[in-house]
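Dear colleague,

I am passing on a structure that you have not worked with before, and I would be glad if you could look through it. My notes on what was found follow below.

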Amino acid sequence: MGQELTESDVKKIQEEIDHRKLVLRPQITKEIAEAAAQGDRSENFEYYAAKKANRENNSRIAYLERVLRFGKVISDESADDEVGLNNTVTLYFEDDDEEETYRFVTSIRGHSLEGLISNESPLGRAVMGHKVGDRCEVKMDNGASYYVVIRKIENTGESEDDHIKAY
C-alpha cells in the first residue's frame with residue numbers, strides 16, 4: 001500500500017510534477033546543450049552539473065509519479081473537538097513534565113524539526129481521533145511506551161507553506 005495523501009497533497013504533488021516537466025526540464029535541457037557546445041566535455045564542469053541536475057529532476061518526477069500512482073487518498077476532515085489532520089495540538093509529555101505543540105499532517109509532509117508530525121508516526125497514531133483531556137499511550141516500535149495528555153486542539157487547516165518532502 002502507498003502513502004496516505006489528502007486531496008491537497010495530490011494537488012501539490014501534481015503542481016510540482018507539472019513545474020518540473022514544463023519549466024525545469026526545458027531549462028535544464030537548454031543548459032546541457034549550451035554546456036555541450038563549449039567543446040571538450042572531459043573537463044566541462046557546467047556540462048556535468050547540468051547533467052546531474054537533469055538526473056535529479058527526472059528522479060524527483062519519477063518519485064512523485066509513483067507516490068500518486070500508489071498513494072491512497074484520505075479525508076482530512078475531523079470533528080472540531082478531536083485531533084485530526086492539519087490540527088495544531090498542544091501535548092503534555094508526562095515523563096518530561098513538558099508541553100510541546102505539533103501539527104499533524106500526512107507522512108509526505110511530515111517534518112519533525114518543523115513541528116510537522118506524521119499521522120502514521122507512533123505519536124500521530126496514538127493521538128489521532130482523541131479529544132482534549134485524553135491521556136494517550138504512545139507505543140514505540142522498539143516496544144517502549146510513554147504517555148501524553150492532549151491539552152489543546154486548534155483547527156489551523158493547511159498552509160501554503162506546507163511542502164512535500166523531497167527524497
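How many helices and strands does the chain have? The chain has three helices and seven strands, where helices (H or I, at least four residues) and strands (E, at least two) are DSSP runs numbered from the N terminus. Read along the sequence, these elements follow the pattern β-α-α-β-β-β-β-α-β-β.

Please keep in mind that this is a predicted model, in which local features need pLDDT of at least 70 and side-chain atom pairs count only at pLDDT 80 or more, while totals for chains, interfaces and linings use all residues. Residues are numbered from 1 along each chain as its sequence is written, and side-chain values use heavy atoms, with hydrogens and water left out.

On overall shape, the C-alpha trace spans about 70 × 30 × 25 Å along its principal axes. The radius of gyration of the chain is 21 Å, whereas a compact globule of 167 residues would have a value near 15 Å; the radius is taken over C-alpha atoms, and the globule rule is 2.2 Å times the number of residues to the power 0.38. Buried residues make up 37% of the 167 residues, and here buried means under 20% relative accessible area, exposed over 50%, and partly exposed in between (1.4 Å probe, protein chains only).

The structure holds 12 salt bridges, each being a side-chain nitrogen of Lys or Arg within 4 Å of a carboxyl oxygen of Asp or Glu. Among them, R20 and E16 meet at 2.9 Å, N to O; both lie in helix α1 (residues 7-36), four residues apart, about one turn of the helix. E16 also forms a salt bridge with R60, the closest N and O atoms being 2.8 Å apart. This second pair links distant parts of the chain, since R60 is in helix α2 (residues 45-70) and E16 in helix α1, 44 residues apart.
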